[in-house]
Amino acid sequence: VRALFSRIDPENAPRIVRTKESRVAVGAGDIASAQGITKEKGNYRQIFRPGPRLLDPVTNDTLGFEAIYLGEAKVSRLGGNVSTVEIITSPQEIYAGDYLQPSPREIRFDGYVPHAPSKKIDARIVALYNQLYETGPSAIITINKGTADGVEVGNVLAIYRNLNAPTYTLRESSLW
């Protein structure tokens, strides 16, 4: 799951404020306390923390921050200021201070058909998910273009390497 953190107000976004028994980290099956949860957003939440800044390689503008997916939670008790959540899944450790956002329980892809864009998309790769230097089929990437630029769900794009760009050699020894 890859998302941009720029759409969320970090000052007012729901957050985990306390862990059971004041543990440093919690995971699936654990209970935590959260602030800022409202009833109208449903009982299920995705948990994430802000990751690296995503910079447009052309303009050097900040596009947002990667939202690092940490797991899913269910609201077990809705409180006035502090609610109780049960961690359902956790591929990574979850800490006090991590954010919550409403989680769609069903993702629908009605009418999803891979297709070429209706116009030329001149985009640059901003980041690779869980990759260091190379990418390929079925990899998750972030580009510096979106719906305002004509990118639609289902667009299939080709990746071209700039042969004039500097090349990097892979590290063959440990960092230590």
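## Overall make-up

Helices (H or I, at least four residues) and strands (E, at least two) are DSSP runs, numbered from the N terminus. Along the sequence, the protein reads β-β-β-β-β-β-β-β-β, with nine strands and zero helices.

This is a predicted model, in which local features need pLDDT of at least 70, side-chain atom pairs count only at pLDDT 80 or more, and totals for chains, interfaces and linings use all residues. Residues are numbered from 1 along each chain as its sequence is written, and side-chain values use heavy atoms, with hydrogens and water left out.

## Surface and contacts

The protein exposes about 12500 Å², of which carbon and sulfur atoms supply 51%; accessible areas come from the Shrake-Rupley method with a 1.4 Å probe, and for residues only the protein chains shown count as cover. Of the 176 residues, 27% are buried (under 20% relative accessible area; exposed is over 50%, partly exposed in between; 1.4 Å probe, protein chains only).

Contact means heavy atoms within 4.5 Å. Of the contacts between residues at least 6 apart in sequence, 62% join residues at least 24 apart.

## S33

S33 lies in strand 3, residues 31-35. S33 counts as buried because its relative accessibility is 15%. Beyond its neighbours within four places in sequence, S33 contacts R15, I16, V17, R18, V82 and S83.

## I143

Strand 9, residues 141-143, contains I143. I143 has 21% relative accessibility and therefore counts as partly exposed.

With neighbours within four places in sequence set aside, the contacts of I143 are A123, R124, I125, V126 and L157. P57 is 86 residues from I143 along the chain, and their C-alpha atoms are separated by 9.5 Å.
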